[in-house]
Structures are given as C-alpha cells and as structure tokens.
Amino acid sequence: MKILVTGGAGFIGSNFILYWLKNHPQDLVINLDKLTYAGNLENLKDIKDNKNYSFMHGDICDREIVDKAMEGVGLVVHFAAESHVDRSIMNPSEFVKTNVLGTQVLLDSALKNKIKRFHHISTDEVFGSLKLNDLSIFNERTNYNPRSPYAASKAGSDHLVKAYHVTYGLPVTISNCSNNFGPYQFPEKFIPLAITNLLEGKKVPVYGDGLYVRDWLYVEDHCRAIDLILEKGTVGETYCIGGLTQDINNLEVVKKILKILGEGEEKIEYVKDRPGHDRRYALDWSKIKDELGWEPLYGFDEWLKKTVEWYKKNRQWWTNVKNGEYKTYYKKLYGRP
Ligand SMILES: NC(=O)c1ccc[n+]([C@@H]2O[C@H](COP(=O)([O-])OP(=O)(O)OC[C@H]3O[C@@H](n4cnc5c(N)ncnc54)[C@H](O)[C@@H]3O)[C@@H](O)[C@H]2O)c1
C-alpha cells in the first residue's frame, strides 16, 4: 500500500512515519510537507535512505503538487496544519489558509484519485472549554464550540471532511485527540518548553494561575490509535483519543518535571495569561476502547519520565531548533530571550 502523510516533518507526523515504517515495513510512505518553522527533517534522519520512504517538499494548498503526491496512493493520513494556539492569536490568516483551504484541496484530490481512506487528524480543542469543577467531558457527540483561531480553523476542516463523506461519499475517518507529548515536539509547546528551559538552567513560564487542565496523550499511543482506526475503524466515524491522565493541571505537570529533573519550585515563573485561555479539556475515549480495543500503554508519569530522558539524550536536536526562528518568536511572546 502507498500512503501519503501530510505534515510528516512535524512532531506527530514524523513520529507516525517512524512508527508506520517499523510496523508496516512493506508499505511505501510519501511525506508531503511545506517545512514551515515546525517542520524538521532531522526527525526523520534515521529513515532518510529507506527505499520505502520519500519526501516531497510542498504546500497542501497547491493543487498541482497535491495531485502529484496523491498519484497511486491508497491511504491519506492528514496531519499538516498550523498547530500552535499562541501563533494563531498573533496571525490567524495562515491558520485558515492551511487548516481549512489546504484540507479542502486535499479532499478534492482524494476524490479525484479515488483514495480508499482519508484519515483526518483533529483536536479536542474544537469542543471548546469546560469549567474546572464541571464533571462533564468531551466525546464524539459533543457540539463544536471552538474558541481560538486555531480551534476554529481545525473545526472548519473537520466539517469539510465530514461534508465530503456525506456529499460525495469520500471514505473518511476523523480522530480528535488531546494534547500530545513525546520525542521531537517543537519546544514552543508546554512540556518540551518546560523540560528544555530547565535543562538550559532557565525558568519555566506558566500562564496565569497555572490551573489549566489538559488531557495528555503520549505520541506513540496516538500513532497506535490511528493505526487501529485505519485497520478496523468504521468509515464516516469520529474517534476521540485521550491519555491516562485525570484532570492534571499545568502547575502539577511542571512540578512533576521539576521533580524528575531534581529542581525546585523557584524555577516556576508565572506570566501574563493567554487571551481566551480555555480552562479545562477532558476527553472520553471509551468509544475507541470499546469498539477497537485501544488504550494507552502506560500512565502519564511513566511516559513523562521517558520524555524527559529523550530530551536529555537529544540535546543537539532541540538546541538546533531553539536557535532558529524560535528565538524571535519566544522573545515576542514572553518579552525576553
Ligand atoms: N500536538 C498536539 O498536541 C496536537 C493535539 C491535537 C491535535 N493535533 C493535530 O495534529 C496534527 C499534527 O500536529 P503537530 O503537533 O505534529 O504539528 P506541528 O506543528 O509539529 O507540525 C505540522 C507540520 O505540518 C507542516 N505544514 C504546515 N503547513 C503546511 C502546509 N501548508 N503544507 C504542507 N505542510 C504544512 C509543517 O511544516 C510541520 O511539519 C495537526 O493537525 C494538529 O492540529 C496536535
């Protein structure tokens, strides 16, 4: 089978390609990626000479390139997106372009090329925000209520994917997952930012009061879930994918990282809150558990320790990333280097 992965040079996409070639070595994988600030081919250096892997540099908004990438493909796994909420607040238009229009270009081409399955990767952020003491939890039937330009653009792309299934019969599946963490995550995101700042001797910026609750999904568990959806999932269906975390807030996550690294709480620095910051996300993943038999391999603490180990061992990787465009962005957001 020939598979097109979009955004395969990013965090989850590159983990997925590495996972896929290890578990399906007979398949051919094409990685179509624009290589924005978030795309990094270093993530894939171990497979760059694998004859079953090829890289195409291009934009998912470019119909010509997308049609070329789609030739002879059976399966599309669509990760490519602008993915960072803070950046969407600074520059929403790039998010609408890639996440909404880019997805539509892919869907058109998938129809034209009679793709057997189009799997779209989405987020729990499309469901909006829960209250701290609320017992409710998002699931596949929750109404959409996106609150940031990022979440709104992802919601738009989800609706288009569903509409192409209903209107044109395109065989699609969608997954809405919680916050991922693990190797090769760009250090603008919360967990790698905390780990790498501490490894550099810096403080960890924590937004507002730090009591923002997220569900955390280890990236390899996510890749296994996508694999199962592709193998056994029902066409036209959505699956929520979450981790083994029970309402952990950001402050508690930072304290766990401080403990693993043997650092004290004086390394926490409270910074001005993000506008419209969603208080709590919580995700019910019983559908994928009951129907497809998926669950995370380990709990949050164990995966977090493994993640910290990875960043300790791969200092060169994140030092290179932090020395690039990221420096300017960090200064703009937090007001200092
Ligand atoms: N990281 C998370 O915690 C998380 C949680 C839920 C959902 N998601 C979703 O998972 C997907 C992957 O997220 P990620 O964290 O790996 O993102 P990322 O920002 O690390 O990577 C995105 C990749 O897409 C590429 N890209 C961006 N615009 C493109 C374009 N126009 N054409 C082609 N390639 C383009 C980038 O170069 C990069 O390689 C996204 O769709 C995101 O919305 C992520």
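Modeller: Two strands pair if DSSP finds at least two bridges between them. Strands (E, at least two residues) and helices (H or I, at least four) are DSSP runs, numbered from the N terminus. The model is predicted: local features need pLDDT of at least 70 and side-chain atom pairs count only at pLDDT 80 or more, while totals for chains, interfaces and linings use all residues. Residues are numbered from 1 along each chain as its sequence is written.

Colleague: Which residue of β3 does Asn31 stand opposite?

Modeller: Strand β2 (residues 28-33) and β3 run parallel, and five bridges join them. Across from Asn31, the residue in β3 is Phe55.

Colleague: Which strands stand at the edges of the sheet?

Modeller: The sheet is open, and its seven strands pair in parallel in the order β3-β2-β1-β4-β5-β6-β11. A strand at an edge has a single partner, so one of its sides is left without a neighbour in the sheet; this holds for β3 (53-57) and β11 (238-241).

Colleague: What is the average twist from one strand to the next?

Modeller: Axes are lines fitted to C-alpha atoms, for helices over the stretch in contact, and angles run from 0 to 180 degrees between N-to-C directions. From one strand to the next, the twist averages 20°.

Colleague: What angle does the direction of helix α7 make with that of β6?

Modeller: Residues are in contact if their C-beta atoms, placed from the backbone, lie within 7 Å. Helix α7 (residues 219-232) packs on the sheet and touches β4 (75-78), β5 (117-123), β6 (172-177) and β11. Its direction and that of β6 make an angle of about 155°.

Colleague: Which residue in β11 does Cys177 stand opposite?

Modeller: β6 and β11 are paired in the parallel sense over four bridges. Thr238 and Cys240 point one way from β11, whereas Tyr239 and Ile241 point the other way, and all are buried. Here a residue is buried if 20 or more other C-beta atoms lie within 10 Å of its own, exposed if 12 or fewer, and partly exposed in between, with C-beta atoms placed from the backbone. The residue in β11 that stands opposite Cys177 is Ile241.

Colleague: How many C-beta neighbours inside 10 Å does Leu230 have?

Modeller: Leu230 lies in helix α7. Beyond its neighbours within four places in sequence, Leu230 is in contact with Leu75, Arg117 and His119. Leu230 and Phe118 are 112 residues apart in sequence, yet their C-alpha atoms are 9.1 Å apart in space. Leu230 counts as partly exposed because its number of C-beta neighbours inside 10 Å is 18.

Colleague: Within what arc do the buried residues of α8 fall?

Modeller: In helix α8 (residues 250-260), the buried residues are Asn250, Val253, Val254 and Ile257. They line one face of the helix, because, seen down its axis, they fall within an arc of 95°.

Colleague: Which elements do the buried residues of α6 pack against?

Modeller: Helix α6 is mostly covered, with eight of its ten residues buried; among them are Phe190, Ile195 and Leu198. α6 (190-199) is also one of the elements that cover the buried residues of α8. The buried residues of α6 pack against β7 (179-181), β8, α8, α10 and α11 (315-322).

Colleague: Which elements give two or more residues to the side of domain 1 that touches domain 2?

Modeller: By an automatic or database assignment of domain bounds, the chain is divided into domain 1 (2-181 + 216-241) and domain 2 (190-213 + 245-281 + 299-326). Their C-alpha centres lie 25 Å apart. In all, 19 residues of domain 1 are in contact with 18 residues of domain 2. On the domain 1 side, the elements that give two or more residues are α3 (85-90) and β10 (216-218).

Colleague: What is the phi of Leu35?

Modeller: Most residues other than glycine have a negative phi. Leu35 lies in the loop between β2 and β3, and Leu35 is partly exposed because 14 other C-beta atoms lie within 10 Å. Although not a glycine, Leu35 has a positive phi, near 55°.

Colleague: How many C-beta neighbours inside 10 Å does Lys114 have?

Modeller: Lys114 is in the loop between α4 (92-112) and β5, and its phi is also positive, about 50°. Lys114 counts as exposed because its C-beta neighbours inside 10 Å number 11.

Methods
Arc of directions from axis to C-beta. Contact = placed C-beta atoms within 7 Å.
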